[in-house]
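Biologist: Hi, I'm new to this one. Can you walk me through it?

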Amino acid sequence: MMAACRASECGARVLLLDKNEKAGKKIYITGKGRCNLTNACDTEELFPNVVHNAKFLYSAFYGFSNFMTMEFFEKCGCPLKTERGNRVFPVSDHSSDVIRALERQLSQNRVQIRLRTEVREIVCRDNKISGVILKNGKTESADAVILATGGLSYPTTGSTGDGYRMAEKLGHTIVKTAPSLVPLTVSGTCPKELQGLSLKNVQASLVSAADGKVLYEGFGEMLFTHFGVSGPLILSASSYYGEKEKKDGCYLILDLKPALTEEQLDKRLLRDFTDNQNKQFKNALGGLFPNRLIPVMIRESGIPAEKPVNEITKEERKHFAAVIKNWRIKITDTRWYDEAIITRGGVSVKEVNPSTMESKKVSGLYFAGELLDLDALTGGFNLQIAWSTGYLAGENAAAMAGE
């Protein structure tokens, strides 16, 4: 939609083909229906939040920045607000307002939108785009084609990998795809015991079992589920969990008291134990953890639940502090695409011109959005990739069509 907006604005005659029954279907579900459409950080700060191939986005991010994105939607009648972490949302909290803004712009620019129209293949003659063949067999001729079909995440929104198939058929390399910004599965009985428990203000590290290398470190909120762990902190961590981590083994290490050093935590435990010296260990932890977490942490500590607090040794107490600061949970896998916010992998950016989004292999073929091997952390960064690459693709496809 953004590519079509920009291409039409540049004077091209644009036909937007969408196999869904409505345009912008995936936008409806982003940000739990609120649509975190970008991030209001300094434009330079966008790059550290891109996990793979950030340098490729230099022209795109500066050609159509996060601030230009905000200005675009405000001008199209979608007032915005900025929340914690510089996340930008429509004032209404309705993702449908973002879609309506794009639809208004497309209508104003006289873009022809054809819904329930599936493309079967892209036609290429003498290494140059000449049009597309629809599923019904009809051919639409074109001077340029922008492929912006998304990845594999949330297949019910139409993301079923069509773009990968079409790009591959035209000679493009597809970097192996995987679900990303997705919940993680863990071993052991702990998740089921804690299902539904949310922890705020925890520090999480994703660590390789092979060499102890820290792959990701973050602070925030997480949630235990029947299969493992989820929540904003975990979704970000999942961006760094790949095939190698699955093969070599990987641990999630939680610091449940990140505001305290291990020494400070030991003093806190000593104080709590002194205040509860006539109680059993299991009854002296109410001030430290939510009730449901207590039995699990007792098990992790190795201290018998019925042991009187006044009999706990200094070594046991210090070990318990270490466990609280370094609770190790084994990661076994990620959940699948139907629960993943985005797809990792896709069309290799080595085969795409970063200044124009045009294919280096086929003249007149352009790419935009999640279809490319680009992914970022949560916070509006993935949608900014979509807007920026779409804008750049639209602008350059229009120039190509005008030649």
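Predicted model: local features only at pLDDT ≥ 70, side-chain atom pairs only at ≥ 80, totals over all residues.

Biologist: Where is N201?

Modeller: N201 sits in strand 13, residues 198-208. Its phi is near 55 degrees, a positive value in a residue other than glycine.

Biologist: And L181, what's its phi?

Modeller: L181 has a positive phi of about 50 degrees, although L181 is not a glycine. You'll find L181 in the loop between strand 11 (174-180) and strand 12 (184-186).

Biologist: Is L181 buried or exposed?

Modeller: L181 is buried, with a relative accessible area of 1%.

Biologist: Then at what angle do helix 10 and helix 12 cross?

Modeller: Roughly 125 degrees, and the axes of helix 10 (residues 262-275) and helix 12 (residues 314-325) come within 9 Å. Helix 10 and helix 12 are therefore oblique to each other. The crossing of helix 10 past helix 12 is right-handed.

Biologist: Which residues make the contact?

Modeller: From helix 10 you have E262, L265, D266, L269, L270 and F273, while helix 12 brings R317, K318, F320, A321, A322, I324 and K325. By class, the contact of helix 10 with helix 12 has 8 nonpolar, no polar and 5 charged residues.

Biologist: What does F320 touch?

Modeller: Leaving out residues up to four places away in sequence, F320 touches L269, F273, F281, L285, L288, F289, M297, S301 and I303. F320 is also among the residues with the most contacts inside the largest nonpolar core, along with F224, L256, F289, L293 and W327.

Biologist: How many residues does that largest nonpolar core have?

Modeller: The largest nonpolar core has 45 residues. There's a second, separate core of 41 residues, which includes F47, V349, V362 and F381.

Biologist: M297 came up just now. Which residues of helix 11 are buried?

Modeller: In helix 11 (residues 294-301), I294, V296, M297, I298 and S301 are buried. The buried residues of helix 11 pack against helix 7 (190-194), helix 12 and strand 17 (327-334).

Biologist: What comes just after helix 11?

Modeller: G302, which takes a positive phi of about 80 degrees.

Biologist: Let's go to another helix pair. How do helix 1 and helix 13 cross?

Modeller: The axes of helix 1 (residues 2-9) and helix 13 (residues 381-402) come within 7 Å and cross at roughly 35 degrees. The crossing of helix 1 and helix 13 is right-handed.

Biologist: Which residues make that contact?

Modeller: Helix 1 contributes M2, A3, R6 and A7, and helix 13 contributes W387, G390, Y391, G394, E395 and A398. The contact of helix 1 with helix 13 divides into 6 nonpolar, 2 polar and 2 charged residues.

Biologist: Last one. Where is A40?

Modeller: A40 is in the loop between strand 2 (38-39) and strand 3 (50-52). Not counting residues up to four places away in sequence, A40 touches N66, F67, M70, T82, N86 and V88.

Biologist: How many Å apart are A40 and V186?

Modeller: A40 and V186 are 34 Å apart in space, C-alpha to C-alpha, and 146 residues apart in sequence.

Key: Residues numbered from 1 in each chain as written. Heavy atoms only, no water. Axes fitted to C-alpha atoms, helices over the stretch in contact; angles between N-to-C directions. Helix = DSSP H or I, 4+ residues; strand = E, 2+ residues; numbered from the N terminus. Parallel < 35°, antiparallel > 145°, perpendicular 65-115°, else oblique. Left-handed = near helix turned anticlockwise from the far one by under 90°. Contact = heavy atoms within 4.5 Å. Nonpolar A, V, L, I, M, F, W, Y, C, P; charged D, E, K, R; others polar. Core = buried A, V, L, I, M, F, W, Y, C linked by side-chain atoms within 4.5 Å. Buried < 20%, exposed > 50% of the residue type's maximum accessible area, 1.4 Å probe, protein only.
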